[in-house]
Amino acid sequence: MITKSHLTGGLPMSRRQFLQVTGAGVVTATALGAPGLMGKAQAATYEKFTWISPRGTLEVLDDYPYWIAKKMGYFGDLNTAMEPGPSDGTATVKFVDVGQADMGFPSPGIFSFAIQNGMKLKSVFHMGARDTFSFAFRKGEGMADLKGLEGKTILLGSAAWQAITDPMLAAQGVDVTKVKYVEAGWPTWGTALAAGQGDAALSWEGLRAEWIATGLKFDYWLGVQKSKMPANTFVVRAADLEDPDKKAFLEKYLRAWAMGLEFGHQNPRAAVEAVFEQFPAFAKNTGPELGTTSLLQQDNVFRGDMDKREGWGSHDMASWQGFFDEILKIGQIKAAVKAEDVCTNELIKAANDFDKAKVKADADAYKLTDEFAKIDVETVRKHMFDDAV
């Protein structure tokens, strides 16, 4: 339910008020309120390397490459940590900027917020080769042409997510000044849509399956099918790339993620098991079939058209430039951004320098539990887009 704590005076936020929330500038880590990260010293050699989630939780399938890589020992002796962070949509860049975390996973829109606010961050590993974002509608109310959202209300989990939705809508010819937004809160914005609040809600690949697991069944306009925008990416402090020791660490760290991505592509059920082992309650609520569906949705996003990529994590600079040009047109940023200045593929060759045959052998040799062995991956794959409009 949307309460007055999420709105201004009990009414949906105006566009001006909404932009003040997303564009207020850098805040301190204390103000963000994530006690798990307080007081973390920025070690000169990454004695403990901290990755921070953009969602306020780790109990999702999205980070499966990390969990399977950790289980298989691909990180070696690297000391790594995963933190959920607060649910504020911009925290994943703010914490990296102030040294409370070492790597964030923002959407392009939140990355643009960081650039606009002078944060010296750089994208080093582009996870989302295809656009992961989508718009959910109540069953029977889905629309193939997003111009139908003009004059309608879109529900978001965080006010900061407007930086995600505005460029998506503008690229589809929508006049974003005619769209209303309501911050319905994390994790309740999907429930709010089902309850009749608003006309649509932001969603993404992987979350679709997780929502089904909680009884939320919607129709979707899928960016993975209809958008050319880039999706979430790994960012670090630009200065860290100038430090040879940190750069070498980043190459090893990202190589483990790339190996986890490759393993998940080869054996998605095993990768789901690795996540479920970390989060038993999440496993119970999701189940093997929907867990596998969620992972396959994300593998499709993360892999993209691999024949045209330099490897896992490589940036399509044309796609990124198109995004930056679009957000300049709608005023989301005030100055032009050159993709090559804020995105780099300099770590991609090293990150993908691993024995793919060995990873495949590891994946093939993994013994699934009986529950997962019963899941027919190809059948799941065939029905991944049944709820698309």
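**Close-up views of a predicted model**

**View 1. Helix H6 and its burial.** In H6, the buried residues are Gln-162, Ala-163, Ile-164, Thr-165, Asp-166, Pro-167, Met-168, Leu-169 and Ala-170, in a structure that is a predicted model. The helix, which spans residues 162-171, is thus shown as mostly covered, with nine of its 10 residues buried. Just after H6, Gly-173 takes a positive phi of about 85°. For comparison, most residues other than glycine have a negative phi.

View 2. Five strands form an open sheet in the order E7-E6-E8-E5-E9, and their pairing is mixed. The edges are formed by E7 and strand E9 (218-222), each of which pairs on one side only, and the twist from one strand to the next averages 35°. Strand E5, residues 133-138, pairs with E9 in the antiparallel sense over five bridges, and within this part of the view Ala-136 stands opposite Tyr-220 in E9. H6 packs on the sheet and touches E5, strand E6 (153-156), E7, strand E8 (200-204) and E9, while the direction of the helix makes about 90° with that of E5.

**View 3. The crossing of helices H3 and H11.** Helix H3 (residues 64-72) packs against helix H11 (residues 268-278) at an angle of about 85°, the two axes being 8 Å apart; H3 and H11 are therefore roughly perpendicular to each other, since angles of 65 to 115 degrees are counted in that class. On the H3 side the contact is made by Tyr-64, Trp-67, Ile-68 and Lys-71, which meet Ala-270, Ala-271, Ala-274, Val-275, Glu-277 and Gln-278 in H11. By class, this contact of H3 with H11 comprises seven nonpolar residues, one polar residue and two charged residues. An α-helix has 3.6 residues a turn, so residues three or four places apart point the same way.

**View 4. Thr-90 at the end of a loop.** Thr-90 lies in the loop between strand E2 (80-83) and helix H4 (91-97), and this residue is buried because its relative accessible area is 3%, a value below the 20% under which a residue counts as buried. The side chain of Thr-90 makes a polar contact with the side chain of Lys-94, at 2.7 Å. Once the neighbours within four places in sequence are left aside, the residues in contact with Thr-90 are Ile-110, Phe-113 and Ala-160.

View 5. Trp-186 and Pro-187 are joined by a cis peptide bond, for which omega is about 0°.

**View 6. The whole chain, for orientation.** The protein chain has 19 helices and 10 strands, and of its 389 residues 58% count as buried. Among contacts in the chain between residues at least 6 apart in sequence, 83% join residues at least 24 apart.

How values were computed. Residues are numbered from 1 along each chain as its sequence is written. This is a predicted model: local features need pLDDT of at least 70, side-chain atom pairs count only at pLDDT 80 or more; totals for chains, interfaces and linings use all residues. Side-chain values use heavy atoms; hydrogens and water are left out. Helices (H or I, at least four residues) and strands (E, at least two) are DSSP runs, numbered from the N terminus. Buried means under 20% relative accessible area, exposed over 50%, partly exposed in between (1.4 Å probe, protein chains only). A polar contact is a pair of N or O atoms within 3.5 Å; within protein, one must be able to donate a hydrogen and the other to accept it, and residues adjacent in sequence count only if both atoms are side-chain atoms. Contact means heavy atoms within 4.5 Å. Axes are lines fitted to C-alpha atoms, for helices over the stretch in contact, and angles run from 0 to 180 degrees between N-to-C directions. Angles under 35 degrees count as roughly parallel, over 145 as roughly antiparallel, 65 to 115 as roughly perpendicular and the rest as oblique. Ala, Val, Leu, Ile, Met, Phe, Trp, Tyr, Cys and Pro count as nonpolar, Asp, Glu, Lys and Arg as charged, and the others, Gly among them, as polar. Two strands pair if DSSP finds at least two bridges between them.
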